[in-house]
Each structure stands twice: as structure tokens, then as C-alpha cells.
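Hi,

Here is the structure I promised to send over. Have a look at it first, and my notes follow below.

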Amino acid sequence: MSRIHIVGAGLSGLAAGIRLAAEGRHVVIYESSGHAGGRCRSFHDSVLDCMIDNGNHLLLSGNRSAQAFLRDVGSEDTLTGPPDAAFPFVDLTTDERWTVRLNAGRFPWWIFQPDSRPPGSSAREFLSILKLACARPEATIGELFGNAGPIFTRFMAPLAVAALNTPVDTAAARPLWAVFKETFGQGGAACRPLIARDGLSRSFVDPALSRLSSLGAEIRFNRRLKQAAVFNSMVTRLEFGDDGVDVAADDTVVLALPPAGLKAVLPMISVPEASHAIVNAHFKLPASLPTASDSPILGIIGGVAEWVFVRGQVVSVTVSAADRLADNDASEIRDMIWRDVAQALRLPYGPPPSRIVKERRATFAQTPEAMLLRPATKTAFANLYLAGDWTDTGLPATIEGAIRSGQKAAAAILSA
Ligand SMILES: Cc1cc2nc3c(=O)[nH]c(=O)nc-3n(C[C@H](O)[C@H](O)[C@H](O)COP(=O)(O)OP(=O)(O)OC[C@H]3O[C@@H](n4cnc5c(N)ncnc54)[C@H](O)[C@@H]3O)c2cc1C
């Protein structure tokens, strides 16, 4: 039986593997590290003595590919969030607090309700979001919105930086529209913010591995692909250092690697090379916080911290496009972020035990120039397909984009 060799056990590789194995294909996944999940995983932290995620990951209920993946692996009930599309914010410079709250249906009645919008904003200003719909390919988000106005500073910019992990002045506008169309454009029911209740691995990775195993797929850990040999427009061999795998004429290869990983094994494919960091700070509080609002997520304006996730005793903070912040020592980062968290959550004590996680290459820099370098699923090699959050899904580099890219690769192979 012909085999499908998938290299990379991040969400894109796992999603491709599950779809293909479910169709009865013989799937073999090779992963360079000793675990699956790539940039989306949990681990036991010895300082906090609990499981934490490598980074806070926010999803929206309208992320249809991620939801389909969770249904496929039987963990759709492991995400949690507020019952409606509520995004609480605090501005640390003024101590103003507000919640952006969308109504469930598609018509955006909420923009006409002052207490559902950021303070100082108007319904008319909200309509400016539609500028995204006709953004030119070279347009940046900052250029489109002029970096001003309460809608921009108190709603759009925090969401855009989180979604694209790129400063708004250089971030491409088009992928943000793709997100808005599939979520905000569908109404509040598609916009509930969701997080993995028991951690990313429990939601995404462990159930995916169980599903793959039940479908008869193989996963080989600690196999770093060093080179993909090509001949006559076909991949003919995968070199994993000491051992290698011959790719038979009717086999197929999916490379589900980050851009730098792909470049290393197939230098002739152009990839976007710049990336941005994400810094996460995890704090273990002396006791669980009483639930002050109906949401485990809080957006922060005017501080270093950007998004706070509260899960029991652990408060985790995300800072996106954090290249400069990541250059600081962990203790400096802890102090800067804790100052914001203490003010935002009104906690009258110094930093509790913490873990700072710096992901230096969290995602590619999602600029208009980089968008042009996103490769398609199908390649010039007849038996080679690409997946990964940075490939051309039209979406930002997110869980939704990664899973969709894997599902696209599977669909292309199944229809070939
Ligand atoms: C800190 C952080 C916060 C984030 N926050 C969010 C968020 O809030 N919401 C959201 O939707 N997304 C978020 N993301 C993005 C999301 O995690 C990624 O888009 C997604 O995990 C990418 O999956 P992937 O399969 O494309 O790539 P990866 O996860 O990078 O998977 C690639 C896999 O290939 C393996 N590999 C690499 N080279 C080789 C090789 N030569 N041979 C074999 N294997 C190899 C790697 O070990 C890895 O397991 C965040 C990412 C980070 C880092």
C-alpha cells in the first residue's frame, strides 16, 4: 500500500494525518522532537509545579476548521469561554473598564449600544472596519486606520496584534479581513472567545495522537528531516540523519514544517524569513481568583501586558510582537508584566512564583511582502504538498490557519 509521509507533528501535520488516515490511507508522521504539538502544546513546569501552555492561545467559536478538528478527535467540549461574545478590557492609563459585547445574530445591533462599545467610540466609527474588505494587498492595518480613534486603539489594534503577531504599522490588512469575515462578520455566535480549559495538549494534541493511533497511523518521534532528495520533479527520499526513507513512486509527502525548517530541507522553495516573538508570563497565585466577570480573558490597554487569561490559580499573560521585550531578562519581564496584572486584577501583592516563556520565532512576520511568499498547498513536485500556518490559507498564522492548511493538504491529496 502506498504511504503518505508527513513531516512535522504540529497541528497542521496532525490535522492532515487525521483526515488522511480516516480515509484509510497509510500515514507515517515524522517529528524532530520527542513530542507532538509544535508551537501549541502544554508542559509540566517545575517552578509552578503544574502544567502550563507554551503560550496562551485564544480561539473564536467561528474557527470552523479548529472546531471540526476538535470534533474529529472527540475533544470539542474542552474549550471554555464566556457564554456570549464578550471581550472585557481595562485601560491602565485611565483605569476605565468596559466590555465589547456582540449580539448573537449577524446584524450588528451591538454597535448602536454605547455600553457594548469601547468608551468614546461611535457606531459610525465602527463601520470603518469595512475598509478592511477592500484593502489592497500592500495595505497595512495601521495605514488603513491611521492608528487613531477609540475603535482602533481600544478594540481593533489589540485584536489585530494578537491575531497577526505583527505590529499594526507593518501588519498586512488582508488576513485580518479573512478573520473578521469568518467570525465578527457572522455575528456574536461565531465570536465567543475560547481557551483550552485544561491546556492545549489536553484539547488538541493528546486526543489527536489517540485518534491517529486508533486509525493505524504511525508517529516516529526524534526524526529530524535533514534533506528531501528530489529527482524528476518528485521527492524520492527523506534523509533523517542516520537513517532515511525511500519515497516510492506512488507515495506522497507532506512537509508540515515552519518556514525555516522547510528552507533547510528544500532550499529552492521561497519562504518568508522574518518572524516575531511572543512572550508569555505565567503566575501562580496564592489562591484561585473569585470570578469577577463572566470571562476568563481580559484585554489590557496602555501596559506591557496585552491579554490576561485566568485559569484557577494560574494567571497567564500574552505579549505579541514582543521582540524587544524578549531581549530583557526573565526577572525584568516578570516585574513589568506583574505591575500591569496587579493593577488590572487589583491584586495588592508582589509577583508570585512565575515562569516566563519566550517564543522567539512564534510566527512569521505577517507583512504585505511576506504574504506574497506564502506557498500554495501543491508544489512543483508532483508528490509533494505543503502545510503549516504560514502557507497560503489567506488566514493569519494561528491554530485555525494551521489546521486549515493541514486539512487543505489532505483534501488535495485525496482528490489527486
Ligand atoms: C506563544 C504563542 C502564542 C500563540 N497564540 C496563538 C493564539 O492565541 N491563537 C492562535 O490561534 N494561534 C496562536 N499561536 C499560533 C499557533 O500556535 C500556530 O499557528 C500553530 O501551532 C502552528 O502549527 P504548525 O503545524 O503550522 O507549525 P508548528 O507547530 O511549528 O509544527 C511544526 C512541527 O514540525 C517539527 N519540525 C520542525 N523541523 C522539523 C524537521 N526538520 N523534521 C521533522 N520535524 C520538524 C516541529 O518540531 C513542530 O512540531 C501562537 C503561537 C505561539 C508560539
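Before you read on, some housekeeping. Residues are numbered from 1 along each chain as its sequence is written. The model is predicted, so local features need pLDDT of at least 70 and side-chain atom pairs count only at pLDDT 80 or more, while totals for chains, interfaces and linings use all residues.

The overall picture

The protein has 11 helices and 20 strands; these are DSSP runs numbered from the N terminus, helices being H or I with at least four residues and strands E with at least two. The radius of gyration is 21 Å, close to the 22 Å that the globule rule gives for 416 residues, so the protein is as compact as a globular protein of that length. (That radius is taken over C-alpha atoms, and the rule is 2.2 Å times the number of residues to the power 0.38.) Along the principal axes, the C-alpha trace spans about 65 × 50 × 40 Å.

The assignment gives domain 1 (3–40 + 200–273 + 367–415), domain 2 (43–81 + 194–198 + 274–364) and domain 3 (104–188); such bounds come from an automatic or database domain assignment. The centres of domain 1 and domain 2, taken over C-alpha atoms, are separated by 28 Å. Each of these two puts 22 residues into the contact. On the domain 1 side, α1, α7 (200–214) and α11 give two or more residues each, and α7 gives the most, with six. That side divides into 13 nonpolar, two polar and seven charged residues. (Ala, Val, Leu, Ile, Met, Phe, Trp, Tyr, Cys and Pro count as nonpolar, Asp, Glu, Lys and Arg as charged, and the others, Gly among them, as polar.)

The sheets

Strands pair if DSSP finds at least two bridges between them. β1 (residues 3–7) and β14 (residues 252–255) pair over four bridges, with Ile 4 and Thr 252 as bridge partners.

Elsewhere, β3 (residues 42–45) and β4 (residues 50–53) pair in the antiparallel sense over four bridges. Ser 42 has Asp 53 as its bridge partner, and in the four residues between the strands Asp 49 takes a positive phi near 50°.

Around the ligand

There are 40 residues around the ligand, and Gly 8, Gly 10, Gly 38, Gly 55 and Thr 398 come nearest. A residue counts as near if its C-beta atom, placed from the backbone, lies within 6 Å. α11 turns up again here, giving four residues, the largest share of the shell. By class, the shell has 17 nonpolar, 17 polar and six charged residues. Domain 1 and domain 2 each supply at least three residues to the shell.

Best wishes

Terms used
Two residues are in contact if their C-beta atoms, placed from the backbone, lie within 7 Å.
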